[in-house]
Amino acid sequence: MTTIRNFFATRWGIISVGAFIGVFAPLLQKWGNPANMGICVACFDRDIAGALGLHRAAVVQYMRPEIIGFVLGSLIAAYAFKEFRSRAGSAPIVRFVLGVFAMIGALVFLGCPWRAMLRFAGGDGNAIFGLLGLIGGIWVGTLFLKGGYNLGRSQATHTSVGWLLPLTMLGFLVLMFVFPQIQGQDKSGILFYSQKGPGSMHAPLILSLVIGLCVGFLAQRSRFCTMGAIRDFVLFRQTHLLSGVIALVVVAFIVNLILGQFHPGFAKQPVAHTMSLWNFGGMVLAGLAFALAGGCPGRQLFLAGEGDGDAAVFVLGMIVGAGFAHNFGLASSADGVGPYGVAALIIGLLTCLFIGFTMRKEVA
Amino acid sequence: MSKIVDARGLSCPQPVLLALNEIKKMNKGEIVVLVDTDTSKENVSRAATSQGWILKSVESEGTGYRISISRD
């Protein structure tokens, strides 16, 4: 056990986890997930919101088993290595709001940091603007961190508090079996299933779930975090997490080449638009929100799996944010930004600045 | 008498930030950092050793860890 524990805390440990994701994300695309979207935490949370009917965008409704696997895989790892610690109480409402705006920013770009990297590794040049925005947003976040920004301490709490989000995910999985997809129907019981668009494209349930569980397990062990990778480099010049992210991009690029999924260019990229400014701006907002919340959307799922109730609130914020994004026309599409996307982006940035500037109280 | 940095309950990257601030302030001596997650334990240990400090001991304390680092 100790050997494994030490291995994942090493540079080769984090590189191997990045490489694992780099292999299986493109493979998930080959097995049915949308192009350049083997894994996208924001898109998949959004699809879950759709499956539950929190928004009615008919093309993005599917209960993504990868997300369920991420949380449950992390839970299993946390218990196996005696790291499950139930904790909560560090400004949950702020984390909820940050989750909402992180999702809105990600949906203006059309992807979370994971997908930004997968889009880049698939040849989508628009992702470059998203990645630059992500770096910019995280950089602003580090300025707040240097200035004393923090959300206060969490407290140890009842074990069952940390179980609530994993149990919710388990419930979502049960719903998928109780109300399975029926060919040609857009609804099965209480769950919505897309008939066309990205939501209709998915790998077989069991395959998605197993890969999700593996990624959740490995990411919990290695603390894989796409936002932390950039933040730690900017703040401390540390390259530990960054080496995992670079491994993801390089391996995904190679696997895409092998699978014939590398299509370089800007126009007509899958589930993407070419409005560079808003690709950049969307990810500035998402990057800042992730930095202020202490983790990328994947990391928030893994933290929620190991008992962090505040990260769980962030996850719920993202799912609710996806509801807002599609109900109010904030999310982009292949045609470009939604009618109110830019307004929401500005409100989101102002909200993050308000949070960053005002929450600097010294911790007791 | 070692300086104690209490980083329990704080999200990433606060434990590392607090530890590094103290490291910069002290330059040498002994610092004890209290953390409550394994992630923070690893991050603080990694950050301290990267600054040339020696990881003296990591002990379980309550639901967390007590990390002692030093530099002569």
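Two exercises with worked solutions follow.

This is a predicted model, in which local features need pLDDT of at least 70, side-chain atom pairs count only at pLDDT 80 or more, and totals for chains, interfaces and linings use all residues. Residues are numbered from 1 along each chain as its sequence is written, while chains are lettered from A and ligands numbered from 1 in the order in which they are written.

**Exercise 1.** Find which strands of chain B pair with β2(B), and in what sense.

Solution. Strands are DSSP runs of E, at least two residues, and helices runs of H or I, at least four, numbered from the N terminus. Two strands pair if DSSP finds at least two bridges between them.

Step 1. β1 (residues 3–6) of chain B is joined to β2 (residues 29–35) of chain B by four bridges, in the parallel sense. Within β2(B), L34(B) stands opposite D6(B).

Step 2. β2(B) and β4 (residues 64–71) of chain B run antiparallel, joined by seven bridges. Here R66(B) in β4(B) is the bridge partner of L34(B).

**Exercise 2.** State how many residues each chain gives to the contact, and which element of chain B gives the largest share.

Solution. Residues are in contact if their C-beta atoms, placed from the backbone, lie within 7 Å.

Step 1. Chain A gives 22 residues and chain B gives 18 residues.

Step 2. On the side of chain B that touches chain A, α2(B) has the largest share, six residues.

Key: Two residues are in contact if their C-beta atoms, placed from the backbone, lie within 7 Å.
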